[in-house]
Amino acid sequence: MAIYITEECINCGACEPECPNTAIYEGGVNWELEGKNYGEGNAAPSGAEGFYSADFFYIVPDKCTECKGFHDEPQCAAVCPVDCCLPDPKHVEDEATLLKRKDYLDQIGR
Ligand code: SF4
C-alpha cells in the first residue's frame with residue numbers, strides 16, 4: 001500500500017528529504033518518472049489519479065514503496081509532526097509488489 005498525505009499537512013517539508021524514492025513533491029510542483037514530467041490532471045503510468053495536490057505535499061503512488069527495501073517503517077510518517085502520512089486505502093499493495101517497484105526504481109534511477 002502506498003502512503004498518502006492528508007489535507008492536514010502543514011507544509012513543513014520534513015518528509016520530502018527522507019523519502020528514499022523521491023516519491024514526495026511539494027504542492028504545485030510537477031513530478032517525474034523515467035524522464036517524463038507529470039502535472040495536475042495527469043494520470044500516473046499505473047493509472048493512479050487524484051494524488052496530486054496544488055496546495056500541500058503529495059506522494060506519487062507509482063514511486064512509493066512504503067520504504068520497503070530501505071527501512072522498517074515509512075520514513076515520511078516517522079518524521080511528520082502532525083501525523084498526516086497515512087496508508088492509502090486506494091492503493092493497497094502487498095510486499096512483493098512494493099519490492100518489485102523498488103527494483104524497477106533502482107533500474108531507472110528514480
Ligand atoms: Fe517515500 Fe517511504 Fe514515504 Fe513512500 S513511505 S513516500 S517511499 S518516505
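Q: Where in the chain is the place of N11?
A: The model is predicted: local features need pLDDT of at least 70, side-chain atom pairs count only at pLDDT 80 or more, and totals for chains, interfaces and linings use all residues. Residues are numbered from 1 along each chain as its sequence is written, and side-chain values use heavy atoms, leaving out hydrogens and water. Helices (H or I, at least four residues) and strands (E, at least two) are DSSP runs, numbered from the N terminus. In these terms, N11 is in the loop between β1 and β2.

Q: What is the phi of N11?
A: N11 is not a glycine.

Q: Where is D83 found?
A: D83 is another residue other than glycine with a positive phi, near 50°. D83 is exposed, because its relative accessible area is 56%. Its place is the loop between α1 (75-79) and β6 (85-87).

Q: What pattern does the protein follow, read along the sequence?
A: The protein has two helices and six strands. Read along the sequence, they follow β-β-β-β-β-α-β-α.

Q: What radius of gyration does the protein have?
A: The C-alpha atoms fill a box of roughly 35 × 30 × 25 Å along the principal axes. The radius of gyration is taken over C-alpha atoms, and the globule rule is 2.2 Å times the number of residues to the power 0.38. For 110 residues, a compact globule would be near 13 Å. The protein agrees with this, having a radius of gyration of 13 Å.

Q: What share of the contacts with a separation of 6 or more is between residues 24 or more positions apart?
A: Contact means heavy atoms within 4.5 Å. Among contacts with a separation of 6 or more, those between residues 24 or more positions apart account for 75%.

Q: Which residues of the largest nonpolar core touch the most other members?
A: A nonpolar core is a set of buried Ala, Val, Leu, Ile, Met, Phe, Trp, Tyr and Cys residues joined through side-chain atoms within 4.5 Å. The largest one holds 16 residues. Apart from it lies another core of 11 residues, including L33, Y38, A48 and Y58. In the largest core, the members that touch the most others are I5, I24, I59 and C76.

Q: Which residues does C15 touch, not counting those up to four places away in sequence?
A: C15 lies in the loop between β1 (3-5) and β2 (24-25). It is buried, because its relative accessibility is 9%. Leaving out residues up to four places away in sequence, C15 touches I5, I24, F57, C76 and V79.

Q: How many disulfides does a search of the whole structure find?
A: A disulfide is a covalent bond between the sulfur atoms of two cysteines. Here it is taken as a pair of cysteine sulfur atoms within 2.5 Å. Searching the whole structure gives a count of zero.

Q: Which cysteine has the sulfur nearest to that of C12?
A: C12 is in no disulfide. C12 is partly exposed, with a relative accessible area of 46%. The nearest cysteine sulfur is 6.1 Å away and belongs to C80.

Q: How do the residues of the shell around the ligand divide?
A: A residue counts as near a molecule or strand if one of its heavy atoms lies within 4 Å of it. The residues around the ligand are I3, C19, P20, N21, I24, I59, C64, T65, E66, C67, P74 and C76. Ala, Val, Leu, Ile, Met, Phe, Trp, Tyr, Cys and Pro count as nonpolar, Asp, Glu, Lys and Arg as charged, and the others, Gly among them, as polar. The shell therefore divides, by these classes, into nine nonpolar, two polar and one charged.

Q: Which residues does C64 touch, not counting those up to four places away in sequence?
A: C64 lies in the loop between β5 (58-59) and α1. At a relative accessible area of 8%, C64 is buried. Not counting residues up to four places away in sequence, it touches A2, I3, A23, I59, L98 and R101.

Q: In which helix does R101 lie?
A: R101 is buried, with a relative accessible area of 13%. Beyond four places in sequence, its contacts are P61, D62, K63, C64, T65 and E93. Its helix spans residues 95-108 and is α2.

Methods:
Buried means under 20% relative accessible area, exposed over 50%, partly exposed in between (1.4 Å probe, protein chains only).
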